[in-house]
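User: Got a model here that I'd like to go through helix by helix. Can you walk me through some of the packing?

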Amino acid sequence: MNSIKNVPARVLNRRPGHSLEAEREQFDKTQAISISKAINTQEAPVKEKHARRIILGTHHEKGAFTFWSYAIGLPLPSSAILSWKFCHVLHKVLRDGHPNVLHDCQRYRSNIREIGDLWGHLHDRYGQLVNIYTKLLLTKIAFHLKHPQFPAGLEVTDEVLEKAAGTDVNNIFQLTVEMFDYMDCELKLSESVFRQLNTAIAVSQMSSGQCRLAPLIQVIQDCSHLYHYTVKLMFKLHSCLPADTLQGHRDRFHEQFHSLRNFFRRASDMLYFKRLIQIPRLPEGPPNFLRASALAEHIKPVVVIPEEAPEDEEPENLIEISTGPPAGEPAVVADLFEQTFGPPNGSMKDDRDLQIEALKREVEMLRSELDKIKLEAQRFISQLKGQVNALEAELEEQRKQKQKALVDNEQLRHELAQLRAAQVEGERNQGLREEAEKKASATEARYNKLKEKHSELVNTHAELLRKNADTAKQLTVTQQSQEEVARVKEQLVFQVEQVKRESEMKLEEQSDQLEKLKRELEAKAGELVRVQEALSRTEQSGSELSSRLDALSADRDELSRVVQQREADLLAAQSLAREKEAALSQEQQRISRERDELQGRLADKESQEQGLQQRLLDEQFAMLRATAAEAERILQDAVGKLDDPLHLRCTSSPDYLVSRAQAALDAVSALEKGHAQYLTSRADASGLVAALTRFSHLTADTIVHGSATSHLAPTDPADRLIDTCRECGARALELMGQLQEQQALLQARPGLVRTPLQGILQLGQELKPKSLDVREEELGAMVDKEMAATSAAIEDAVRRIEDMMNQARHASSGVKLEVNERILNSCTDLMKAIRLLVTTSTSLQKEIVESGRGAATQQEFYAKNSRWTEGLISASKAVGWGATQLVESADKVVLHTGKYEELIVCSHEIAASTAQLVAASKVKADKHSPHLSRLQECSRTVNEMAANVVASTKSGQEQVENRDTMDFSGLSLIKLKKQEMETQVRALELEKTLEVERVRLGELRRQHYLLAGAVGTPGEEEPSQPSATPRSGTKKPPLAQKPTVAPRQDHQLDKKDGSYAAQVVN
């Protein structure tokens, strides 16, 4: 085989391009650059181009693996701005990224929660926002994972919403609650951002303000969809559940509606949002969920993002797409082949061409195998990188947990140190306070002791002075005695010398006269001995005087030493006295300084106390002024109801107006008392505030109910009542204005409001309906009499029905007998149920009287509650009349002289009368009374029995009418056409008659209510007792007078109304 030499390298190389690994590396590099530029510590909003590249990256790799691999390494705990921008980018990625982003973020929920908790514990403005934003992101992730029908962008059709809600009302209820929680998190973030920012235009144009405001664009998009879905779900809930059950949902929706509307309004006013997003405007008021047709009026809010202007910087390619060789390159390669191997020889191929083609095929095969190997290697490398990234993420998570533990430990240490410092500070303050108290007491005791010491020192000093004087006197005496001793000693020495001189003279005389005296020696020997003895005695006395002199010298020395010691003691005492005096003077100066300091502190405390007292007075007056302003708004709202056209449909009873006016008069007295107490002591305005609150509410209630009562009153009393209400409102508003000013507070006179209130009370008394022609003393007897008469009428009706049943069994047979027995049996069951109801009502009535009358008699109780008694009497009469009329109608039906419709109407009348009797008994009964429970059970039984009578009557009527089959066999075409026309004429006549009778029925009912209201209309002549209309020999008793109150929507009964409207069962 021939070898190929000098083959160009470009021929052997395959087509230029990037491998998957290089492509992945380029993608990772681009994502890292975009994430680092989007999430940084600069206080500026995230640029859209960087966020867009990150979002496109999630679509490229069908997930957020690369985003989280870089985001998990960001130092989020070190910077609050970094964490805030991370939350913003994550929000955008969740909304606009690939659907798999949601599942990738699920694995990092703990990291998001840790970042939020970390910044929530630190007092940082961005940190608090990060804490709220992380809670929103966690709520968003949890909601969309639980409800995968809703994408993270929250944009679904109404059909998808209906499918997600389903038909189970519990699922709809729970989905609505979760959307409310979702909306709360969104609104909380917006409120926190606006709370930190001034809404001025300049702030919204600054980078620091835009950094906080940028995430609100995603919040606006989420809120618009959530608002639409909650409106849909609320209407669906109201179509399935009662309105009272959903009261909490409506209140929560209304609160969110007003917050969202305020948020949209504030955001629309900022220039920053005007160029980035078109915010929809919500309606003035929330939808009325109680009206199903309001759903058609709901308009879905649409958020529009305007087209962005092209940016100056060219975006970098996320993926470097390899380009193939240019179109001219194959020709160049072909030329090189021709130059090397020569032109092809037509269709003939030599061995070299075959070898070249074989080599080409081999190269292509090797290239494909090489690509497969590279793809496999790339897949293994991706798996290994994924494992490495997972391990790195786990390692980073462990590091973050360690860092968080260190931060928590440091924070706990810091808190412990603060607690210890606070404890030490508290103990030190307590010790200082106790030490100051002890020091003050010790100072006072020391002052007393020093005072005593000073007095003792003064006394000691005086005593020492006295002793010094005595010592000086003794020293003088001692000196005098020493001088006397010296003088005596000199005299003795002089005498001894004199004796010596005399002896010497005598010796000389004796020596001269020795000779002369020798003879006399012997004679004088005795005399000499005596002289010698006298001399010895003299010497002895001299020695005694010398010893005495020595003793006196020793005494003198001792006295001198004592004097010196006394002088030293005196000097020490004087120095000690001087030291004591110096210490005493210093202590006095220190005490004086402390006294001055304490007096200064006392003066500061007094000034502070005066400031606090003045502040207390100001706060009390501010509280009073705020209460008066609120009361003024309440009264203005009530006065505004007088001219409100929507209020014309509201009505009220004079009885309730009288009760409100009396309560308002009592509130005026309490207000006067509170005003007087406040003027006496302005440090406590609680009494005046409480009285003012009660007065405003009761006065406004009186004005509103006065206006409502005037709507059913005659023209003249209504005008006077409206004028009185206006005067009352004007005086009350004037009083509120005076209470808001300190200068006019003393001139405020709450008693001026009493006059119009008394006028309203008097007009309400005049408008109260007049009683029947029965004295209040006879009401108690009439109740027992009517209840007994009702029981007797029912017993008589039962007996008559039994007699009719016996007569029907003898007089009829077949279908007619079956129909009559069924009707009479149902009537008998109805009468028994009514009898049990009347008996139970009597027992309940006795229980009411016994529990409510107290120490009063039964007649006094009935007289006190005359309106209720009249309603009870009216209900009893209506039950008895209905029973009698039912028996007569049944008798006519059995005898073929009556109509089945009369029996149906009588059943309806009995059901309505028993409902009136139950309502009249229930209004004053205890709701836990067993008699009331039995009465309600009996009422339900009566309704069921009345329904059975109606059902048996209708079925019997159909059964009887079906017997008369129509036979048209003997009629010709003309006769059939004629009878058809006659039947059409008859049908038209009956329809016309039916329409006329319905109009007549409406007029009769209207006239009935007008007559019932005219009986109690004030300002007219007392009407006579209305006579009963004769009907088949039985008279229906007149109904008790009803107050002029509009019918209640929910058929709720007011205990303050005298009688109650019966509901007819159709």
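**Helix packing**

User: How does α19 pass α20, left-handed or right-handed?

Analyst: α19 makes a left-handed crossing with α20 (near helix turned anticlockwise from the far one by less than a right angle; clockwise is right-handed). It's a predicted model, with local features needing pLDDT of at least 70 and side-chain atom pairs 80 or more, while totals for chains, interfaces and linings use all residues. Numbering starts from 1 along each chain, and side-chain values use heavy atoms, without hydrogens and water.

User: What sort of residues are in that contact?

Analyst: Where α19 meets α20 there are 16 nonpolar, eight polar and three charged residues.

User: And at what angle do they pack?

Analyst: About 155°, with the axes of α19 (residues 654-680) and α20 (residues 686-710) 8 Å apart. So α19 runs roughly antiparallel to α20 (over 145 degrees).

User: Switching to α13 and α14, how do their axes cross?

Analyst: At roughly 150°, coming within 11 Å, for α13 (residues 216-240) and α14 (residues 247-268). That pair is therefore roughly antiparallel too, and α13 passes α14 in a left-handed crossing.

User: Which residues meet there?

Analyst: On α13 they include Leu 216, Ile 220, Tyr 227 and Met 234, and on α14 Phe 253, Phe 257, Leu 260 and Phe 264 are among them (heavy atoms within 4.5 Å). By class, this contact has 14 nonpolar, four polar and one charged residues.

User: Last one: how many residues of α28 are buried?

Analyst: 17 of the 23 (under 20% relative accessible area), so α28 is largely enclosed by the rest of the structure. α28 covers residues 900-922 and reaches 33 Å from its first C-alpha to its last.

Terms used:
Helix = DSSP H or I, 4+ residues; strand = E, 2+ residues; numbered from the N terminus. Expected span 1.5 Å × (residues − 1). Buried < 20%, exposed > 50% of the residue type's maximum accessible area, 1.4 Å probe, protein only. Axes fitted to C-alpha atoms, helices over the stretch in contact; angles between N-to-C directions. Parallel < 35°, antiparallel > 145°, perpendicular 65-115°, else oblique. Nonpolar A, V, L, I, M, F, W, Y, C, P; charged D, E, K, R; others polar.
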